[in-house]
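Me: I would like to go through this structure and ask for the grounds of each description. Please set each value against its definition.

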Amino acid sequence: MIGAINDILRRIPVPVVWLAGALPFALLLWDTFTGGLGADPVQAIEHRLGRTALYLLVAGLAVTPLLRLTGISLMRFRRALGVLCFAYALPHVLSWVVMDMGFLWAQMGQDILKRRYLLFGMGAFVMLLPLAITSNNLSIRRMGGQAWRKLHKLVYPAALLVGLHWVWAVKVTEREPFFWLFAILVILASRLVIRRRVAWGRVLGRV
Ligand code: HEM
């Protein structure tokens, strides 16, 4: 069964994931030009870009636990998911800088003081930036696999910050941000369990 699923997945070309990942952006453009963004278009753009970035971040994070727990491998698509996440996070941030704040530094400072959760988003963005820049074969070769893997562990604290960024931004009555923060915590916990199991496997293997 798992073999059959992996066979099907192997036949899907990676560009299909890139195309699928571009769909939310195409829909956003469509809604922007057809007046489908509601009463506050700037906020709608900001929110939709931020959400899509978060969904892609979680999808990328879930690849390894999914492989370890079920044997289903989405490894070939992991880089695309990561880069797509950043491709939405960047315009999300820019929508705040340009459309929301009008490039006014003083206003940005005031907004950060008023909405401290923006700092979580900024922390996450600063961590995701080097990951996006080094998500190519040349960087892996130049940095060496070990250093590259170490750097890319930044995705875990970044995901946690993004989860907190959203939870703190909303009113307590909204469930979705809590659901995603919970999902992020579960994925991070599963990674710890997997790491411990591997470490114990090594210890027992040596005995
Ligand atoms: C410099 C970094 C960032 C800034 C300035 C920023 C700014 C914002 C702002 C202004 C909002 C709207 C909050 C509100 O309406 O009260 C928001 C929401 C959000 N941001 Fe960010 N953000 C940043 C980084 C990120 C990153 C890196 C991600 C994801 C990878 C992200 C995901 C989200 C999500 C999911 C929401 C909630 C959207 C919703 O309520 O529908 N943000 N952010």
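Reply: Leucine 61 is found in helix H3. The model is a predicted one, in which local features need pLDDT of at least 70 and side-chain atom pairs count only at pLDDT 80 or more, while totals for chains, interfaces and linings use all residues. Residues are numbered from 1 along each chain as its sequence is written.

Me: Why is leucine 61 called buried?

Reply: A residue is buried if 20 or more other C-beta atoms, placed from the backbone, lie within 10 Å of its own, exposed if 12 or fewer, and partly exposed in between. Leucine 61 has 24 other C-beta atoms within 10 Å and is therefore buried. Its C-alpha atom is separated by 19 Å from that of valine 167, 106 residues apart along the chain.

Me: What makes phenylalanine 103 count as exposed?

Reply: Phenylalanine 103 has 9 C-beta neighbours inside 10 Å, so it counts as exposed. The residue lies in the loop between H4 and helix H5 (105-114).

Me: Why does methionine 122 count as partly exposed?

Reply: Methionine 122, in helix H6, has 15 C-beta neighbours inside 10 Å, which lies between the two limits, so the residue counts as partly exposed.

Me: What makes aspartate 111 partly exposed?

Reply: Aspartate 111 has 14 other C-beta atoms within 10 Å and is therefore partly exposed. This residue lies in helix H5. Aspartate 111 and alanine 199 are 88 residues apart in sequence and 45 Å apart in space, C-alpha to C-alpha.

Me: How many helices and strands does the chain have?

Reply: Helices (H or I, at least four residues) and strands (E, at least two) are DSSP runs, numbered from the N terminus. By that rule the chain has 10 helices and 0 strands. Its C-alpha trace spans about 60 × 40 × 35 Å along the principal axes, and buried residues make up 21% of the 207 residues.

Me: Why is H3 called roughly antiparallel to H4?

Reply: The axes of H3 (residues 41-70) and H4 (residues 78-100) come within 8 Å and cross at roughly 155°. Such axes are lines fitted to C-alpha atoms, for helices over the stretch in contact, and angles run from 0 to 180 degrees between N-to-C directions. Angles under 35 degrees count as roughly parallel, over 145 as roughly antiparallel, 65 to 115 as roughly perpendicular and the rest as oblique. The crossing angle therefore makes H3 roughly antiparallel to H4.

Me: Which residues, by class, make up the contact of H3 with H4?

Reply: The contact has 16 nonpolar, 6 polar and 3 charged residues. Here Ala, Val, Leu, Ile, Met, Phe, Trp, Tyr, Cys and Pro count as nonpolar, Asp, Glu, Lys and Arg as charged, and the others, Gly among them, as polar.

Me: What is the largest nonpolar core?

Reply: A nonpolar core is a set of buried Ala, Val, Leu, Ile, Met, Phe, Trp, Tyr and Cys residues joined through C-beta atoms within 7 Å. The largest has 31 residues, and those with the most contacts inside it are Ala53, Leu56, Leu57, Cys85, Tyr88 and Val162. H4 gives the most to this core, with 9 residues.

Me: Which residues come nearest to the ligand?

Reply: A residue is near a molecule if its C-beta atom, placed from the backbone, lies within 6 Å of it. Of the 24 residues around the ligand, His47, Gly50, Ala53, Gly121 and Phe125 come nearest. H3 gives the most to this shell, with 8 residues. By class, the shell divides into 16 nonpolar, 6 polar and 2 charged residues.
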